[in-house]
Amino acid sequence: MFWQKDIELMDKEQLRNTQLDCINKEIKIAKRSEFYKKKLSNIDKISSLDDVKNLPFTTKEDLRNSFPYGFLATDLQNVIRLHSSSGTTGNPTVVFHTAFDISNWANLSARCMYTAGARNNDIFQNTMGYGLFTGGIGFHYGAERLGMLTIPVGPGNSKRQIWFMQNFKTSVIHILPSYALRLFQTVEEMHVDVKRDLNLRIAFIGAEPHSEEMRKKIEELYNIKAFNSYGLSEISGPGVAFECECQSGLHIWEDYVYPEIIDKDTLEVLPDGCEGELVLTTLQREAMPLIRYRTRDLTKIISEPCACGRTHRRIARITARTDDMMIINGVNIFPIQIEKTIMSIPEAGRNYIIEIFENNFMDKLCIKLEIDNENFGGTLRDLEKLQNRLECELKQEIGVTPVIKFVDAGSLPVSDGKAKRVFDLRNKNK
Amino acid sequence: MAYHLSVFLENNPGKLERITKILSDNSINLRAMSLASSGEFGVMKLLVDNPEKAFEVLKQNKLTVIKRQITAVVVDNVPGSFNRLLNKLSQNNINIEDCYGFLLSDGKTAAIIMEIDNTPNASQLLSDIGFDVLTAEKIYKY
Ligand SMILES: [Zn+2]
């Protein structure tokens, strides 16, 4: 049942004591870096977890501004790997790892996958991108640590993905939720019957915020259980929080990170149960500890005990990244609200994009949906009905009436990596 | 059981031509069609001599297409005959989802193609009340 029983079931009091010790250790290591030497110049240790709230925040901007080595807290000879964001605008964020960090991360990923039910006799197909992106390589190491037969296919080439799934009887898959939906089109085109021809039982879905409706859709299409995975490259990558078999919130591994929720405007710490921005302090990182890192992910901490028995608290499904917020005629909207609504209407199809443009000094929200053989009923009347329903339900969810456009199957842009769904075409020079 | 094809279309230039070209490249004869449009998108119904093949080739060309069952009757090419048909249909509570017609080669009669959703045994009913219901073979080749 447990990968590390003593840690996963650790008594709350003991867990908190461990966290305090670890934070003090992390402060000490962090202060070897250029950034924290200044930032923490007058802090050496804290005497209780209540003092964490007095420590300064670290932001993504700080990481960018300290490019390339400002956060490195150990000698280069101890560093064995770096991961980095693509950095198309400005400096990328770079994250360093020692051998201990990599090993620890592998163990944590293995714990996540074990928690969701994966075992060493499973066949694991990893469709996440390898390379600088942490999604693929992070779980690759974890899967090998767990002892699964690991197939490092990487992203894209849907036919080959299905070919591997059929021939090697893949039972566990790691996949972007948007790609899981898109891959299913190929499953259908190849006339593959998921029950007869495939042996899938578990999917790990993550790296993109997604709705419960989307999870359900993936579970239905493939006849599997899909588990929500949370992580961020600044901390290490996937594996920071993960769903257990109860599928109600993600256990955030409190021996690895110390979580807080803050109000994103006042920056005050909020009690468990309140929604806000997740802030994480690393507890075991050697090469690059982070103190109170603002993740920009919105969620809440669930402190009620979980039926699985693990004592580590849970976080709710990430509802949004603060960066993703769209402001349309003064109304705040998150893309996940739109996704949730679309996924809850079975005839609405799976592939869509959101466009925002300006018309007569007003913002217009346009949602383009592909009509494919799955959702096409064959009459204009059905399409018009669907159009009205989408308009009404979206208006209810987001408070703005969108324009719904139906487009040909396959006409919307696709990407191998994270799905790009929002296209803001407003003139930003004004 | 006869059917025609229903194709989803975004309304943009060249779209119809793309479809007719696929049919022509595959030697499929387009016997009749109708187009219902709602400004930015529409639905095209295609009656062809080989619906099975047409369905496959359109799908291969990534078009969104499904098959829909049709019922076809022959009416005389004289004033009032279509009205007589509609009259009988409404008397029997048969609802037409979509319909179009074309003149048959004798010039004296026309085929009326109907999508009937609410009455599974519409063909039988129509032939019982005296209409000449066309078989699939005849709809495709007549
Ligand atoms: Zn649990």
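Predicted model: local features only at pLDDT ≥ 70, side-chain atom pairs only at ≥ 80, totals over all residues.
Residues are numbered from 1 along each chain as its sequence is written, chains are lettered from A and ligands numbered from 1 in the order in which they are written, and side-chain values use heavy atoms, with hydrogens and water left out.

I looked up the geometry of H8 (residues 177-189) and H10 (residues 212-222), both of chain A: their axes lie 10 Å apart at an angle of about 30 degrees. That makes H8(A) roughly parallel to H10(A). Helices (H or I, at least four residues) and strands (E, at least two) are DSSP runs numbered from the N terminus. Axes are lines fitted to C-alpha atoms, for helices over the stretch in contact, with angles running from 0 to 180 degrees between N-to-C directions. Angles under 35 degrees count as roughly parallel, over 145 as roughly antiparallel, 65 to 115 as roughly perpendicular and the rest as oblique.

I then listed the contact (heavy atoms within 4.5 Å). Residues of H8(A), including Leu181(A), Phe184(A) and Val187(A), meet residues of H10(A), among them Met214(A), Ile218(A) and Leu221(A). By class, this contact has 10 nonpolar, 1 polar and 1 charged residues. Ala, Val, Leu, Ile, Met, Phe, Trp, Tyr, Cys and Pro count as nonpolar, Asp, Glu, Lys and Arg as charged, and the others, Gly among them, as polar.

**Entry: H7 and H8**

I found that the axes of H7 (residues 158-167) of chain A and H8(A) come within 9 Å and cross at roughly 80 degrees. H7(A) and H8(A) are therefore roughly perpendicular to each other. Ile162(A) and Met165(A) are among the H7(A) residues in this contact, and Leu183(A) and Val187(A) among those of H8(A).

**Entry: zinc site**

I identified the protein donors of the zinc ion as Cys244(A) (SG), His251(A) (NE2), Cys306(A) (SG) and Cys308(A) (SG), lying 2.1 to 2.3 Å from the ion. Donors are N, O and S atoms within 2.8 Å of the metal (3.2 Å for Na, K and Ca); water is not among the atoms, so sites may look incomplete. The donors follow the spacing C-x6-H-x54-C-x1-C along the chain. The 4 donor atoms subtend angles of 99 to 115 degrees, which makes the arrangement tetrahedral; four donors count as such if all angles lie between 85 and 135 degrees.

**Entry: backbone**

I noted a cis peptide bond from Phe67(A) to Pro68(A), with omega near -5 degrees. Pro68(A) is in the loop between H4 (60-65) and E1 (79-84) of chain A. Ala207(A) has a positive phi of about 75 degrees although this residue is not a glycine.

Conventions
Tetrahedral: all angles 85-135°; square planar, octahedral: opposite > 155°, others 65-115°.
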